[in-house]
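Trainee: I would like to learn how to read helix packing, a loop residue and a helix cap. Can we work through a case together?

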Amino acid sequence: MNKISRILALAAIVGAAGLTSSCSDFLDKQPSNELTKEKVLADWNLFEQFHYDTYNFLRHGANRLSGSWLDSSTDLAHTSFASGGTRTSFNIGNYYGGGGWSELYDTWESRYRAIRKCNFVIEYATTVPKNPRNSDEEHAGFVRVLTAEARMLRAFFYWEMFLRYGPVPIVNEVLDPSEDMITPYTKRPSTKEFVVDFILRELQECEADLLDYSTAWATARAGRVSQPAARALASRIKLYMASPRFASESGVTWQQAADAAKNFIDTYGANFGLFAQANIAPEENYGNAVLFSTYSGANNETIFFRNDAAINWDGISQDTPVGEGGSGGNCPSQNLVDMYDMADGSSPFAQYDATGAPVYPSGAQTPAINPASGYSDAAMWENRDPRLKGTVLYQGTPWGTMRDNSTIDVRPGMADNPIGNANATQTGYYMRKYIPATILSSNHGGSALRLWTIIRYAEIMMNYAEAMNEVNGPCPEVFQMLDAVRGRAGIAGTVADRADLQSKEAMRNFIHKERTVEFAFEEHRSWDVRRWNVAVEALARPIYGVNVAMDGTLSRKITQQRVFQEKMYLYPIPETEIWKTNIDNNPGW
């Protein structure tokens, strides 16, 4: 096990508090067998360990909102159990609800703690004595790398803050841990000042001193941030800044976003690709792209990720069907299911909107069907994009070892929809993606690696396709990227041959749909619909599900009416920070 994963494994052992313990807690220990600031700054090995602990602040998306996933706050899913954090906060418009605390409030506190750790490394790295075993030249190299890593991680943590709260005070010095973390800092910069002039500049300036590809992707360093990761993050940020919500403030153009993605492809296209193993079903390759690591499974798609240790049954039981002994958890919606194309590449429905979803006529729960596709609601899962099978467990899907016939059965009273089980799916679906099937073998005695992918190569390709369509409309570069991503998934045909995708607007909506499907449950949807300026349209619509009768007949239903208002584009700044600092809150809060 490499150094980063050992640290993450240790954090998992000591529990969630260990993942978010502040820098001040770490440094303010009394001298004993615990570390003090003086000891850390007197020993290069301890200083390195202090820095590596910052990686614990890279969050894993599974169950981090009181047992629920962030995507269950969007139109993609619904949490089955009533205590799920998104059900008691986001879904009902309660942005002060305690169930959403880990996302709504802890993000502010934990990101600033992580930033303080980064600032500590940046400020003191040159003052720590070198390891006697290392030469002056070697030590100087270590200082440069650690400082660059701290700068990149700090940029990423600030980016996480921006997505949720907008521009926040920039703190680039080590504050006194005995005082409020940002009391002296109340000025909120503009979007351009915060993102373009600070975050993007940081990524550009630190990149050269980060580990290069060949060094970072050695097994012993798997999970370390790197030159490719910094450039990939810059690609994502430029795409966001060129999007409708931010373009006028940022000054970033679609051409610049396209250039950033193309630069990554040209520089690192030989190192990264769409993960696909020979003789493996397309849906398995798609699923493994977010499960396998670079050093276990030879996954060449991951660029920036949280490198966790192996998990077992406890790591997936929360999101496993009740018939398999699980708690239901993150249950995909019919809204998501409706976004998947047919396997031959055609659209099952007649029209799609800017959220990427098919258009549901007023008062209807079924979109208008495209007759040429062969789609039928009576057999809605047949001949669909294989990514559906790789993401969603639906009626009749072979799965697990504990239920009758080892298939999903959500008919009334059956294994996955038993009478009186409050955790049974309310949408008619269970989650497949991010759940390693090997854990279910041997009476749930198996284990498997499950890292958390922050950026993978498919995103860079989709970034390029989206930006190029906005620059030139449908064109060969757009077709090439989309066909590659869809081809890995096993979809036949080419996008260029589709008569319904010949305008910029139609292609835009199609790309929005493709991003949603490709990155389902990877924490993209919440931010994509915001940057596209369609969050109200996407997140205030009803959540649809499906009923399966005893004879197999399917009928659509409304699972939940959702609440989303304009002010919810940004989270409220935690009230305690408002009281302490009198900082300006976000509009509407």
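Predicted model: local features only at pLDDT ≥ 70, side-chain atom pairs only at ≥ 80, totals over all residues.

Trainee: At what angle do helix α13 and helix α19 pack?

Mentor: Start with the axes and their N-to-C directions. Here α13 (residues 254-268) and α19 (residues 457-472) pack at about 145°. Their axes are 8 Å apart. The crossing is left-handed.

Trainee: Which residues of α13 meet α19?

Mentor: Trp254, Gln255, Ala257, Ala258, Ala261, Lys262, Phe264 and Ile265 do. Their counterparts in α19 include Tyr457, Ile460, Tyr464, Met468 and Val471. By class, this contact has 12 nonpolar, two polar and three charged residues.

Trainee: Now the loop. Is Gln318 buried, partly exposed or exposed?

Mentor: Buried means under 20% relative accessible area, and exposed means over 50%. Gln318 has 27% relative accessibility, so Gln318 counts as partly exposed. Its place is in the loop between α15 (313-316) and β3 (330-332).

Trainee: What does Gln318 touch, leaving out residues up to four places away in sequence?

Mentor: Asn63, Gly67, Phe81, Ser327, Gly328 and Gly329. Take Phe81: 237 residues separate it from Gln318 along the chain, yet their C-alpha atoms are 9.6 Å apart.

Trainee: Last, the cap. Which residue caps the N-terminal end of α5?

Mentor: Look for a side-chain atom that reaches a backbone nitrogen at the helix end. Asp43 is the cap: one of its side-chain oxygens lies 2.8 Å from the backbone nitrogen of Asn45.

Trainee: And which residues of α5 are buried?

Mentor: In α5 (residues 44-52), they are Trp44, Phe47, Glu48, Phe50, His51 and Tyr52.

Note on methods:
Residues numbered from 1 in each chain as written. Heavy atoms only, no water. Axes fitted to C-alpha atoms, helices over the stretch in contact; angles between N-to-C directions. Helix = DSSP H or I, 4+ residues; strand = E, 2+ residues; numbered from the N terminus. Left-handed = near helix turned anticlockwise from the far one by under 90°. Contact = heavy atoms within 4.5 Å. Nonpolar A, V, L, I, M, F, W, Y, C, P; charged D, E, K, R; others polar. Buried < 20%, exposed > 50% of the residue type's maximum accessible area, 1.4 Å probe, protein only. Polar contact = N/O pair within 3.5 Å; in protein donor to acceptor, adjacent residues only side chain to side chain.
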